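Me: I would like to learn how to read a few features of a protein model, going slowly. Could we take them one after another?

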Amino acid sequence: MISPAAPDSPTTVPFRVRLGYAVGSFCTANFLTIPGLLLLYYMTELLAVPAWLAGIVLFLPKAWDLLLNPLVGQWSDRTRSRWGPRRPWLLAGAAVLPVSFAAMFAGPPLTGTAAAAYVGAMFLVAATGYALYEVPYKAMPAEMTTGYHERTRLLEWRMIFVGVSVALSGIVAPMIAGNSLSGYRLMGIVFGAILLAAMLGSFFGTARAPYVGPETTGTLRAQLAALRSSRPFLLLLGFSSAQNLAVGIMLAGAPYFAAYTLGDPGGTSAVFAALVGPMLVTNQLWTRVARRLDKRGAMILAGAFLTVGGLMVIATPVLGAAYAYLAVFLIGLGYAGVQLLQYSMLADVIAHDSAVSGERRGGVFTGLWNAIENAISALGATVYGLVLGIGGFISSDPATPVAQPHGALVAVLVGVSVVPAVIAFTGVLLTLKYDLTADRFTGLQPGRPAERPAAR
């Protein structure tokens, strides 16, 4: 067991700032959850797009993210403004993402390949707006406080809002969308408005946030080289990607699991309630676990919950729906821990780099992180789509329903259980190698950059 963290004297983030920052998580959770949950199903079941093509369309815009996100990160690192280095970019994202998000679900009357092309184009524009907002947004916690555990405390409210947002995305969004084009159109408009409100809310809510980051930055090439040489960052990126991929596959498979394994096409909302419920009530519990086991130990435990819960799902046809919801609840416990801990650990990595280098390059760290995170979220749907394709799943539209072959029904279940469980266990193995603990961080505190007043 890792020894408990030594006490520190962190820069305390005021409650109103923690709350203002947390509001922005509605953007993060909605944009990652709704496409991951509904976009594949929307294309295959309403637009008659083949499953393999729909999966590829969802992944292709993420290649753009790999180029754009590090650039946005460096731009925000170099920004000098009366609003600070990060906040102007929150406004830029708010100008692009909400409208393009709504447009993804409000296209012309197309089907097949043409529909796939339109949805892919709108998803690309939306991903651009998301990058402009999310990359600077994720860099902010490392620059608000110097405290190892204060960063986790700062993110507690964020994770509560993430839980509420994921509940809206996973329960309310499917209810609005139903199984009709008009329902999906309305859902896109409603959640586009929620995105806009959240993005503006975080801009105004962080106006008086403390700032403790350094001022100097290097070239993009030097910053990317620093990322490659940061062992804590690479390990964190590795095991977080594994856990996020596992969750992404489960999200993409949830509507199919509800419709074909549980026999309840409207059961997606209930499955999601079991998944996100723990996130609403366990954040303080995970914070205490992180103090007791350190963040690495807590992350290992969260990954174990994902692994075991995923394996339990495979027995659903034998043990029934109540058992399935219990397994999903266990997955939800792990999901809650992963979500809280990975962003707290990312802030640690950025703060560690700033303390060692004396440079502000957290934007490039979060830029690459965001690019990989977006790619992973889309890859989840791609992987699940490929599993369905291997199983012989037949795409359709409401006017021409089909009976799925046995292989497709097996693929629906295996794709949402065994496949993500194996990936989550790989993440646990990678977490064992992570060593940026509280004890190691404490030794860096005397040399930390001096605090400066908040940017207005």
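Me: Which residues of helix α3 are buried?

Reply: In this predicted model, helix α3 spans residues 51-59, and its buried residues are A51, L53, A54, G55, V57 and L58. The cover over these buried residues of α3 includes α2 (25-46), α4 (61-78), α6 (112-139) and α15 (362-391).

Me: How do the axes of helix α16 and helix α17 cross?

Reply: Two packed helices are described by the angle between their axes and by the distance between those axes. Here the axes of α16 (residues 406-416) and α17 (residues 418-431) come within 3 Å and cross at roughly 20°; because angles under 35 degrees count as roughly parallel, α16 and α17 are therefore roughly parallel to each other. In this contact V414, G415 and V416 of α16 meet V418, V419 and P420 of α17, and the residues of the contact divide into five nonpolar, one polar and no charged.

Me: Which helix gives the most to the lining of the largest cavity?

Reply: Helix α2 gives the most, with five residues, while α2, α7 (148-177), α10 (231-261), α14 (321-357) and α15 each supply at least two residues of that lining.

Conventions: Residues numbered from 1 in each chain as written. Predicted model: local features only at pLDDT ≥ 70, side-chain atom pairs only at ≥ 80, totals over all residues. Heavy atoms only, no water. Buried < 20%, exposed > 50% of the residue type's maximum accessible area, 1.4 Å probe, protein only. Helix = DSSP H or I, 4+ residues; strand = E, 2+ residues; numbered from the N terminus. Contact = heavy atoms within 4.5 Å. Axes fitted to C-alpha atoms, helices over the stretch in contact; angles between N-to-C directions. Parallel < 35°, antiparallel > 145°, perpendicular 65-115°, else oblique. Nonpolar A, V, L, I, M, F, W, Y, C, P; charged D, E, K, R; others polar.
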